Structures are given as C-alpha cells and as structure tokens.
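Look at the model first, then read on.

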Amino acid sequence: MKKIDMVLGLQWGDEGKGKVVDVLTPDYKVIARFQGGPNAGHSLVFDGEGFVLHTVPSGIFREDSINIIGNGVVIDPVILMEEIESIEAKGIDITDKLLISKRAHLILPTHRMLDAASEAAKGKSKIGSTLKGIGPTYMDKTGRNGVRIGDILSGEFRNRYETLREKHRSLLAQYEGFTYDISQYEARWFDAIEKLKRFQFIESEIVVNDFLEKDVPVLAEGAQGSMLDIDFGTYPFVTSSNTMAAGVCTGLGVAPNRVGKVYGIFKAYCTRVGSGPFPTELFDNDGDRLRSIGHEFGATTGRPRRCGWLDMVALKYAVMMNGVSELIMMKADVLNDFDTIKVATGYEIDGKQIDYFPFESNESVTPVYKEFKGWKCDICSVRKYEDFPQELKDYVDFIEKETGCPVKIISVGPDRKEIVIR
C-alpha cells in the first residue's frame, strides 16, 4: 500500500511550491490540493512561459496526471473557471484531469464583501487579507452554514445559496458606511457554477484512499506556508486553514499512518506578504536588492513582498512541526552577488536570548545573526551539486546541521530545468 507524500511551504508562503510540484510530478500520478483557496499563487515557468495557478493543483500541465481539489480547499467558481479557461487556451484539455471534492466549500460573492468590510474596519490593525473571501468562507464552514460543491447537484442549491447570502447581508449592514454591489459578480458566479458541472464532483476521501490502496503514487500540495498556519503561525496574522502536515489528514481524508515523505520547501532567504511579525525583515539596501533580484511581488496580489535573511529559528520550528523528511531550497541564485549572507540563529527578547519560536513574535524580537561569505558567482547554469562553489556548500551544510534534515533539491532559477537534485 502506497503512502501519500506531501509538499509544504516552511516559511510565510511564496516559497516556490508550484515549481517543485511540477518538477516532482513525473513520479506521481495524482496531485491533490488539501487546503487554502484562491489566495494561493503557485508560479510555474517552463519553455519560456509563465503560469500562475490559484486553485488548480500544479500537476495539471503534466500528461496523464490526475489533479484533485480536496475537501479542505475553498473554491471561488469565477476564479476557478478563469483559471481553467486560461489553461485550456493553451490547448490543454483538463476535463478528465481535474476532479473536485463534493465536500469543498464555495466562496460566495458576499464572502468577498464580508472580507473587504472586515479588513477595512480593522484600520491600522488589518491582517493583510487578499480579500478573496477565504476567512469568511472558513468561518461559515466551522459555523455549519456553508454551501459546498456537492450542493450544486441538489435541487435545494439556489435556496441554500440565498439563505446564506441573506445572512451575509444582515452582517454587512452592521458595517457603517460600507457599500457594495454584487449583482455583476453574482451573475458571473452562477455562470461559472454551470460551467463547472462538466467536471467530476467526487467523494475525494474515497478516491484518494482507493488510489493509495492500489499503489498509485499521490502527492499532496500545500498552499501558503507553515508560519501562516491558523494554529501555529504568527497569529492573528495568519491564513484561515491548517497549512502544516496535519492539514493533509483533514483536508484530504487520509489517516496519519498513511503519510509518507514530507518535502519541506524554503527560500534561501525569507519573504512575507502583508502584515505580521517578520523578525529578519530588512529595511536597507540588502532588502531592496533581494526584492529586485528575486522579483518578489505576490503572485496573487502583486504586492511587493517584505524581504529578509533566512530565519533558522522559524525554519527549525517548521521542520519539527511538519516532520519534514527532505528539504528543498529555492532561489539560491538570488544570493549570487552578495558579499555577506546572514542567518538568524536565535532571538533576543528583553535582554534574554532564546533559540525557539515564541508565542508572541513582535517588534521586541531582535534576531541574532551568523554571517557567511557569499559565493559571488552565477550558479544558474550549475546542474551538479559538486560544481557549486564551496561557499554555497558551506551554507547548505549549515542548514542541514541545524535542521537535522537533508537538503535534497536546490533551485538555481525559475525554469523547471534550473534545478539541482542531489
């Protein structure tokens, strides 16, 4: 019996999961998303062309792959259909390659309005929401009010939709001065619902477990990053789902003893989009260079990403919480031209030094850095680990020693071919 392997981000998202899933998929027949929604932006580059996927699993471009949107995902039909149509415009028919869980919850137009109203009301304390309606949808899910993909096939679908919409309207009325008009988006929403009916709506928990029973290799694809986990991330500046390994069990209906390899992805430095703690954030020329060289702008929002040095405290925490078996380092090439590279090995809080990730990580946290000599050369054309400069090998060795986990893959550029596998 096969076990399900998974790919997870270990930082604050944007680690490069889309590329890694695309690289790994030749070894997997099935790729399944298990949480999050269109707030995700998984970027892929191949044959000189770029793609950004928000809801569709990143294996969709591989021939003969099966891609499952799991029960833990929340779906905006408009965004999903736009994504599907952009893929099919490239001549790729995905009707039989994309399966959607009946238990996945739908993002209503009014969920988006609730997201916008709530964020606006927070003022300076806003969390940096992508305003896609993710949080309000998960709130309705846990509040047992949600509308699901499987409901589309029910004769009660329209009634269920209108009941929830009216509940949302009464909530929106409490936000003084907030005005909205969902009429155009609502028309597009129902049009997208009709178009989605050509896809298979499945009991994904049954299908995924059946694949495993038949020894079909399955790869679970996470969205966002571990430090945005609703329970263990930098709360309240987090997403609304469990982004860590445990989320695979509830997001796909897989038992813990069926979890296999955990691929943990991290950048050679750190980035974050939106508000929230970021101990190693740089406000100097180094931060600007990281952003410029790394093209650090959100794939979903387009917002400039905050940039900083690698945070080993947070990385070790994520490795521990996820039970990571193999590490994958992305964007090593972005550090090509730096004389000195720093890594935070601890934090100083109120004069005391700690080496663990604390309950509250705020502006009182000062990172304690270890410095490394930069490699000062272009590594983009390197395809064998032994051909890397010694300075990069020293950097990788340090990360392996600190985390207790092997770095198996190193990305040296955006294209699917620009990768070194050890």
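The model is predicted.

Two packed helices are described by the angle between their axes and the distance between the axes. The table lists these values for both pairs.

| Helix pair | Residues | Axis distance | Crossing angle |
|---|---|---|---|
| H2 and H6 | 77–88 and 183–196 | within 8 Å | roughly 55 degrees |
| H10 and H11 | 312–322 and 390–403 | within 10 Å | roughly 55 degrees |

Start with H2 and H6. Their axes cross at roughly 55 degrees, which makes H2 oblique to H6. The crossing is left-handed. H2 brings Pro 77, Val 78, Ile 79, Leu 80, Met 81, Glu 82, Ile 84 and Glu 85 to the contact, and H6 answers with Tyr 185, Arg 188, Trp 189, Ala 192, Ile 193, Lys 195 and Leu 196. Eleven of these residues are nonpolar, four are charged and none is polar.

Next come H10 and H11. Their axes cross at roughly 55 degrees, so H10 is oblique to H11. H10 and H11 form a right-handed crossing. Met 312, Leu 315, Lys 316 and Val 319 of H10 touch Phe 398, Ile 399, Glu 402 and Thr 403 of H11. This contact has five nonpolar residues, one polar and two charged.

Now the pocket. The second largest pocket has a volume of about 410 Å³. Its lining has 20 residues. Gly 276, Pro 277, Glu 360, Ser 361 and Asn 362 lie nearest the centre of this pocket. By class, the lining holds eleven nonpolar, five polar and four charged residues.

Note on methods. Residues numbered from 1 in each chain as written. Predicted model: local features only at pLDDT ≥ 70, side-chain atom pairs only at ≥ 80, totals over all residues. Heavy atoms only, no water. 1 Å grid on protein atoms, 1.4 Å probe; cavity = no way out; pocket = protein on both sides within 12 Å on 5 of 7 lines; lining within 4 Å. Points joined across faces, edges and corners; volume = space filled by probe spheres on them. Nonpolar A, V, L, I, M, F, W, Y, C, P; charged D, E, K, R; others polar. Axes fitted to C-alpha atoms, helices over the stretch in contact; angles between N-to-C directions. Helix = DSSP H or I, 4+ residues; strand = E, 2+ residues; numbered from the N terminus. Parallel < 35°, antiparallel > 145°, perpendicular 65-115°, else oblique. Left-handed = near helix turned anticlockwise from the far one by under 90°. Contact = heavy atoms within 4.5 Å.
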